[in-house]
Amino acid sequence: MDTGGSSESPIETKKGKSKTPRKTKDSVLKQKSPAEFFAENKNIAGFDNVSVKRVMFDSIANSDLWFHGYGLHCFVALNVHTYGRCVDIWSYLPGKSLYTTVRELVENALDSAEAISELPVVEVMIEEIGRSKFNSMIGLTDLDRVDAELYDDFETVKAREKRLAKEARNQEIQAKNAALGKKVKEPAAAKGIRGRGEASFYRVICKDNGRGMPHDDIPNMFGRVLSGTKYGLKQTRGKYGLGAKMALIWSKMSTGLPIEISSSMKGQNYFSFCRLDIDIHRNIPHIHLHEKRDNKERWHGAEIQVVIEGNWTTYRSKILHYMRQMAVITPYAQFLFKFVSDASDKNVTISFARRTDVMPPVPPETKYHPSAVDLLLIKRLIAETSKQNLLQFLQHEFVNLGKSYAERLIGEMGPDFSTKMPVKSLTSQQIVRIHQLFRQAKFDDPSGDCLSPAGEYNLRLGIIKELHPDMVATYSGSAQVFEGHPFIVEAGVSVGGKDVKQGLNIFRFANRIPLLFEQGADVVTRTALKRINWNSYKINQTQDKIGVFVSIVSTKIPFKGTGKEYIGDDIKEIASAVKTSVQQCCVQLKAKIVRKIQAREQQERKRNLSKYIPDATGAIYDVLQEMARSHAAKRKRYEGEDAELLKKVSVRSITKETLSEKLAQHVEQVDYEMALEYATHSGVKEEPREPIYIQSLEAEKQFIDFHCPIFVFRLFQ
Ligand SMILES: Nc1ncnc2c1ncn2[C@@H]1O[C@H](COP(=O)(O)OP(=O)(O)OP(=O)(O)O)[C@@H](O)[C@H]1O
């Protein structure tokens, strides 16, 4: 009989004995530790390591280079997209990790200093480590290459010839251009093919003056994924208990080196030193050294040191941009950033000085809002509460739930519930009922008391210091709520400035963290691009240099993903608050812009009018002379007759009307209205105010010579 040999039926051996069915590989149940999961999915935490390189198709298709350059261990896949004659090559190279490591350490440093209300001082150093140095650090002998073709930076004879010919051609073009007096581009440094095996290891050190860590907690804080002190309902930069561990996981994966932590808390006479790595499979710290050392200097804070593979060349500007934006949103902190390399021309030292001692208050921890909890959370709160009965539980574990409202809610829950019933005795169904009611009932919105926004002052200060704009307006909205979580949006809009490109320059901050990636999908970008009618505020969206700064703080920032890169556009409360805040800034700016336009127009008209200064001078001179003549005629009349009256003969006031009339008569293109307007703006009133008694003809001349330039100056200043 044919058994069919189906995979479901036991396999018959030749001797007719049955064998235990062999399970296919993918049906074996496995577990993964959180550390393993994040090691395999580093990209969700911002440790993406895929690089994309666009290459001319022709230049690689028939070339050995293709196979040598990308065909070995670095090659992952050839992207199916072709762009004209180019293809994208996706390769597994250390990418964003250096940036994310710096970011995670800096944010921890700031959280730590702010938690003890200490004005933060954060020092970051990235030291480039060449391959030889790295090898000697790990005790690996530096070997010379034997089989050169084995390496991904190997250049075939053909490829070398081609490159040299191209370089020679370029030089020739440059020389020709120079001879023709054309602009000559700086020749690019002779590239060759840069080996990916060159220096790409970095020691990252971040030191702060924060609160430090308790000695015994350090291993778990750094060696156990998803462990941290920032899980409560509180506005902090950190949230997931992941960042520092990801830096360690990446260091373990790329260099195999452990992380080193030095830390001391205020008043401690020792500091803790801990060197550890992480047991990825068990998600537990693997401690190499953990000891207390003498703290002679009595410093407090932490210094974290980690060695990772990375990419400074590509991420240099992102890292510096991040530090710069951090300085904008944290002007009360002092940052020192250093990049140190063996090639001293690559070294970078930047310090961002503290610009204010005004620090936002430490955000307090708050309780959950009834509309923001789910079933699991209610169960957890019940398990953790110290309150005995249902009424006390509702009153004390949630915000905006007073005694009488809690009693009304319990009444509404049904006959099975009572205020005095022990909260720990609630059944699963009863908890579902509470949850349902929390969803349906009305509650006052949570207040923003638990939030600590950067403050309009700090925002404005940061913008002015970093961008030197021509104009800036800021706005701080009141607390609002999404899904039971309070949030505050603050915004700043600037026009003009240093190093600002034309069009919209968007700066996003969430819980005082600058967000630099995934800009296109972010609520701030979308709002600025699509929902603000810039023209109506007299701002030209494409020509003006516009800075849009939006800072959102909340006990829960609805980031998309754990990488904290952007806030989606799908929460309507946030989208609308962002729009209002930006609009409010624009309204303020519009008033300034209108004033500026008017001043510019007036300036312009004056500039135009200044062409007529000589004519105007003549006209004014005429007016004054006329006055002097009439004065002289009077003098003549009284001379020898009435000495007393003669003494009183004065030069009468010149009025702006007289002046304007004369100007209009004598100055081409200036009519009476215009002259009057100018005379008024220029402050020409009655001149001279007091009668002037001129005793001689010489004095008359002096009067004219003195007053004529004054009028001209007033008119055209
Ligand atoms: N420089 C530091 N000073 C004091 N404590 C620190 C410092 N760095 C880390 N910690 C402690 O280690 C914990 C874990 O840090 P980690 O960066 O892994 O996560 P997190 O900051 O809590 O959250 P997130 O993953 O969102 O950044 C922190 O919650 C904090 O208690």
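**Predicted protein–ligand model: confidence, fold and ligand shell**

Residues 51-92 keep a pLDDT under 50, and the model gives this stretch 58 contacts beyond four places in sequence.

Confidence
- Averaged over the protein chain, pLDDT is 82, and 80% of the residues score at least 70.
- Among the elements of the protein chain, helix α3 (residues 64-70) has the lowest confidence, with a mean of 35.
- Strand β6 (residues 259-264) has the highest, at 97.
- For the complex, the predictor reports an ipTM of 0.99 and a pTM of 0.73.

Fold
- The protein chain contains 21 helices and 19 strands.
- Of its 717 residues, 32% are buried.
- Among contacts in the protein chain with a separation of 6 or more, 76% join residues 24 or more positions apart.

Ligand shell
- The ligand is surrounded by 22 residues, of which N108, S112, G228, G238 and G243 are the closest.
- Sorted by class, the shell around the ligand consists of nine polar, seven nonpolar and six charged residues.
- Helices α4 (97-115) and α8 (243-254) each contribute at least two residues to the shell.
- The most comes from α4, which supplies four residues of the shell around the ligand.

How values were computed
Residues are numbered from 1 along each chain as its sequence is written. This is a predicted model: local features need pLDDT of at least 70, side-chain atom pairs count only at pLDDT 80 or more; totals for chains, interfaces and linings use all residues. pLDDT is the predictor's confidence in each residue, from 0 to 100. Two residues are in contact if their C-beta atoms, placed from the backbone, lie within 7 Å. A residue is near a molecule or strand if its C-beta atom, placed from the backbone, lies within 6 Å of it. Ala, Val, Leu, Ile, Met, Phe, Trp, Tyr, Cys and Pro count as nonpolar, Asp, Glu, Lys and Arg as charged, and the others, Gly among them, as polar. A residue is buried if 20 or more other C-beta atoms lie within 10 Å of its own, exposed if 12 or fewer, and partly exposed in between; C-beta atoms are placed from the backbone.
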